[in-house]
Amino acid sequence: MAWFLRSKTPKEKLKVKKLNIPEGLWLKCDSCKEIIYKTELDKNYRVCPKCNHHHRMNASHRISLLIDNGSFVGMDSRITPQDPLRFRDTKRYKDRLRTYTKKTGISDAVICGEGMLNGHKVQICAMEFGFMGGSMGSVVGEKITRAIERAASEKTPLIVISCSGGARMQEGILSLMQMAKTSVALAQLSEAKVPYISVLADPATGGVTASFAMLGDVIIAEPNALVGFAGPRVIEQTIKQKLPDGFQRAEFLLEHGMIDMVVHRKELKNTIGKLLDLLERTKT
Amino acid sequence: MAGQYLDFEEPIIELEKKIAELKAVSKNNGVDFSGEIRRLHKKANRLRHSLLSRLTRWQRTQLARHPSRPFAFDYINMMTKDFIELHGDRHFGDCHSIIGGVARLEDWSVFIIGQQKGRDIKEKMFRNFGMPQPEGYRKALRLMKFAEKFGKPIITLIDTPGAYPGIDAEERGQAEAIARNLYEMANISVPIIVVVIGEGGSGGALAVGVGNRVLMLENSVYSVISPEGCATILWEDCKKVEEAAEALCLAADDLLKLGVIDEIIKEPLGGAHRNPEATAGILRRVLRRHLQELTLLSPDDLIQQRREKFREMGTFTER
């Protein structure tokens, strides 16, 4: 006899009050796996308070980190992507664009504008990794080129924060040409004698590093940021060897003379501010 | 050089064999097959025409990588006189995948920079399969500045699968080397003519690709990523190369439509590898025409024209 079976059904179902716990209050650090309170992480510039790991940050957060409160004015946000190749892989490019626009609230992978940084008027561009891996297609190229041109004509320093996997395959050759377009524009900026500070965030690879990201008068990388041209997986497949620890990390690039400094996010604004002070100072 | 062929070329090769056989028979036996031979010749030409005019983009990629296709050195030897090769980037080493030097092309002294692949396995290794090291881009830039100093036009011949994905290339800053070339090529005050002769592979190709004119041979390709790379990343299946090549729109007529190149250079019937001399002749005449036009421009106008050309690249909507 199945004495363990419930012979009677309860007259009324037990009412369990569901606790309303908002999701994502606690996060696990990507590096040390410690549990961190999200607010604490955000307050700490999304840097892990335990191990100093720099977590990814969205573009608008990055701008608010560098630009004086309330002084940011967005530019060129009306530029939206097209689908020149009618590209389709497992999904249509058009559908991907729609999904990412919804997800990030922006029309493509960069936010550009101007604002004040410790009292200096600057042009600033921040790439959004959350939008198709921060990839550069025609819109990213055009917006960055326009920011460069504004910097040249208004003589305001330019800051670009790169966080991108490279050129956007879905726009084919036109994405590759954005590398040339932005680099050619930077040649003009150089003639205008306007400082350009390039900030490399994790990851900065492919077509972005092979163009504007590595052309800064000053190149600053965030600690441990992956910076390179070919991605580590591609290199591993090619040479069929495991890559050494720390390869293509910010500190590795510093050691090899490719960047000027590795700066903690907390120090970034003041470091750039000081640089601009020194560069703009005229002998009195 | 025409020893190797691709699957889709097979019908033509069969026909050519037949023609050769008939010729041999008629020569040895004194039988006149000339009518038949003429007929077969016509048929072969028609076949070549129809086969090559409806190639898929993947087949075109294969043709661009054809083992018998002329390489940079072949064109240099066939088009120019007195070529003197110059070596080294003056920083670290000499890259063998990017070659360069000065030569006489018709009436001009020109600097030629070419991306060079190898034909046999030994040479392929020596040329690193056409994948440049950072020193290659830096050598190219050194030669371009040299050309500028003496007011000589620059011709670059693009033929590379792409930059070399190796530890050493990263250590020595290949991203910076490519970026530097794009930036510096915006400032060069002599004419720059870029010709994609085979494979235009991504950043490695673009690093010598910022010109006043960008031309493509009919069966060359130029792409942001190889079909193999694209298939692996987007389809997560390296066998989807045909789909990837199709989606990437990497053929010469695609690029002309997208406004990325200025002109398509016709190849002889059957492709450049079927008649390298004729191809070199066509290329030389095309280069002459562009040189005639560009040498009329002042240094400032050349820089301006090049900058404006690349400023216009891309499509977007502005509301």
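Buried means under 20% relative accessible area, exposed means over 50%, and partly exposed lies in between, with a 1.4 Å probe and protein chains only. The areas themselves come from the Shrake-Rupley method with a 1.4 Å probe, and for residues only the protein chains shown count as cover. This is a predicted model, in which local features need pLDDT of at least 70 and side-chain atom pairs count only at pLDDT 80 or more, while totals for chains, interfaces and linings use all residues. Residues are numbered from 1 along each chain as its sequence is written, chains are lettered from A and ligands numbered from 1 in the order in which they are written, and side-chain values use heavy atoms, with hydrogens and water left out.

Start with the cysteines. A disulfide is a covalent bond between the sulfur atoms of two cysteines. Here it is taken as a pair of cysteine sulfur atoms within 2.5 Å. B:Cys230 is in no disulfide either; the nearest cysteine sulfur, that of B:Cys249, is 11 Å away. B:Cys230 counts as buried, because its relative accessibility is 0%.

Turn to the salt bridges. A salt bridge is a side-chain nitrogen of Lys or Arg within 4 Å of a carboxyl oxygen of Asp or Glu. The whole structure holds 45 of them over all chains. In chain A, the side chains of A:Glu114 and A:Lys121 meet at 3.5 Å, N to O. A:Glu114 is buried at 13%, whereas A:Lys121 is partly exposed at 35%.

Two pairs in chain B link distant parts of the chain. Helices (H or I, at least four residues) and strands (E, at least two) are DSSP runs, numbered from the N terminus. B:Glu106 and B:Arg288 form a salt bridge at 2.5 Å, N to O. Strand β5 (residues 192–201) carries B:Glu199, while B:Lys117 lies in the loop between β3 and α5 (121–126), 82 residues apart. Here both ends are buried, B:Glu199 at 8% and B:Lys117 at 10%. Salt bridges that share partners also build one network, which joins A:Asp76, A:Glu142, A:Arg146, A:Glu149, A:Arg150, A:Lys181, B:Arg311 and B:Glu318.

B:Glu267 counts as buried, because its relative accessibility is 7%. Its C-alpha is 19 Å from that of B:Glu16, 251 residues apart along the chain.

Last comes the surface. Patches are made of residues with over 30% relative accessible area and no salt bridge; like charges are joined within 9 Å, and nonpolar side chains (Val, Leu, Ile, Met, Phe, Trp, Tyr) within 5 Å. B:Lys18, B:Arg38, B:Lys42, B:Lys43 and B:Arg46 form a positive patch. Helix α2 (residues 34–53) of chain B gives the most to it, with four residues. B:Arg46 lies in that helix and counts as exposed, because its relative accessibility is 56%.

Conventions
Lys and Arg count as positive and Asp and Glu as negative; His and the chain ends are not counted. The place of a charge is taken as NZ of Lys, CZ of Arg, CG of Asp or CD of Glu.
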